Amino acid sequence: MFSIKSFFAFVFVALLAVPLQAQKTDDWSFKKIDSSALNCIDYSKNNLENTNSMFPLLAKLYKIKHFSKENAVFVHIGDSHIQADVATSVIRNELQNYFGNAGRGLVFPYQVGKSNAPYDIVSSSKSSWKSNRLARIDTLITCGVSAFGLQSQSVNPEFNLELRSINGVRDSFDKVHLFMGGPISELYMEYNDTQAENGCFPLAPDYTVFNLKSPTYGFRLTFPTTDSIRFYGASLEKKDACGIIYHSIGANGAKYSDYNKTKQFWKQINKLRADCYIVSLGTNEAQDPNLTADGFLKEVKIMVSKLRLVSPEASIILTTPPVSYYKKRNPNFSLEVITSALIEYCNANNLVYWDLFNVSKGLEGAKIWKKKQLLRQDLVHFSREGYVLQGNLFVDAFAKVWNEFLCKNY
């Protein structure tokens, strides 16, 4: 029987649908690909392919753009290209400028772990810590959702973490998700000089959330304990903001296989509540001269299966790796093997992909990027300008999909 309660529920849902029909969004006019860069890219190939599966993500972004108070969560997984957070900071900033800023997302105290950090993250500690990243096999310290792990080596371990100003602008947050491990019974978070949050736990947590009393740029986290504890990362978010949360997860030297075998990573990543995964790996696999397409795809398939298991409704975008050289001598031919295999796999399985390798003109493009000094001296990593160009290219490709979605549906 159709009850009064069901009737009102039906009316409520119908009313929610009204703004979708009544509102109109202008095209995303993204024009940041400088004409001077056109000779080192094939702009005609700068597209996301097989995008039908992105409809739920795009529909959610439309609601956020117009009337919804929810967030869309992107999780970008990769290697050293992503750990540096230059290209991903471009993507994050452009998406948040257009759809709204719901927080900086996942961060890690990289300096405490003695690793290179994104430019906007500063951390320090007077305590003794040991660290690990998931590409290293010479340590027993586990890694978690950030692809890193810290393990305390002293009593009452602590560290400071804050966001740095960039071009006079410093992001803030008032909600912190913490990923931890070990016999933690209490922790203490200080922020804004005079404010603090205290957490007491009858059972040791591996994850907890603090809603802060006011926005802040940073915090000091203390664990009152004589035991060794572990820390895996923190997501910095805005409680009442709608828009984009863009988590970038990268580790120097990382491969698909490194993520696949890291159990703690897969235990924690579902807490990020991803709407879209972007996976940018393959550069380190290509350093193996004996690499085969089948061996590479075996690990790709494992990761895709794991992502679908933890986030069945999320979009997945695979990117081919950027151009680079092998041992500084010649453009890396293994990248052609990886790119061809990845594209064939994505086409056969209706997976979204972005072909950065061929957008960058492939093996010939590597020589052009080198000549224009967009590659660093190691001929694997990129100059800041090179990474910024890659970030702008991805946003440009995403904006095309968004504009096509608007044209077809609104």
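Arg273 is partly exposed, at 42% relative accessibility, whereas Glu237 is buried, at 6% (buried, under 20% relative accessible area; exposed, over 50%; partly exposed, in between; 1.4 Å probe, protein chains only). The side chains of Glu237 and Arg273 form a salt bridge with an N to O distance of 3.8 Å (a side-chain nitrogen of Lys or Arg within 4 Å of a carboxyl oxygen of Asp or Glu). This pair links distant parts of the chain, 36 residues apart, with Glu237 in strand β13 (residues 230-237) and Arg273 in the loop between α6 and β15. Helices (H or I, at least four residues) and strands (E, at least two) are DSSP runs numbered from the N terminus.

The model is predicted, and local features need pLDDT of at least 70, side-chain atom pairs count only at pLDDT 80 or more, and totals for chains, interfaces and linings use all residues. Residues are numbered from 1 along each chain as its sequence is written, and side-chain values use heavy atoms, with hydrogens and water left out.

Across the whole structure, 17 salt bridges are found. One of them joins Arg220 and Glu190 at 3.1 Å, N to O. Arg220 belongs to strand β12 (residues 218-222) and Glu190 to strand β9 (residues 186-191), so the pair ties together parts 30 residues apart in sequence. Arg220 is partly exposed at 31% relative accessibility, as is Glu190 at 27%. In a further salt bridge, between Glu162 and Arg170, the closest N and O atoms are 3.7 Å apart. Asp85, Arg92, Arg104 and Asp120 are linked in a salt-bridge network.

Helix α7 (residues 293-310) comprises 18 residues and reaches 26 Å from its first C-alpha to its last, close to the expected 26 Å (1.5 Å times one less than the number of residues). Its buried residues are Phe296, Leu297, Val300, Met303, Val304 and Leu307. Viewed down the axis of α7, these residues fall within an arc of 120°, so they line one face of the helix (the arc being that of the directions from the helix axis to the C-beta atoms). Asp294, Lys298 and Leu309 are exposed on the other side of α7. The packing partners of the buried residues of α7 include β2 (71-78), β16 (315-319) and α8 (334-348).

Leu318 touches residues including Val300, Val304, Leu342 and Trp354, not counting residues up to four places away in sequence (contact, heavy atoms within 4.5 Å). Phe74, Phe219, Leu318 and Phe398 touch the most other members of the largest nonpolar core, which has 127 residues (a set of buried Ala, Val, Leu, Ile, Met, Phe, Trp, Tyr and Cys residues joined through side-chain atoms within 4.5 Å). Helix α11 (residues 384-409) contributes the largest share of this core, 12 residues.
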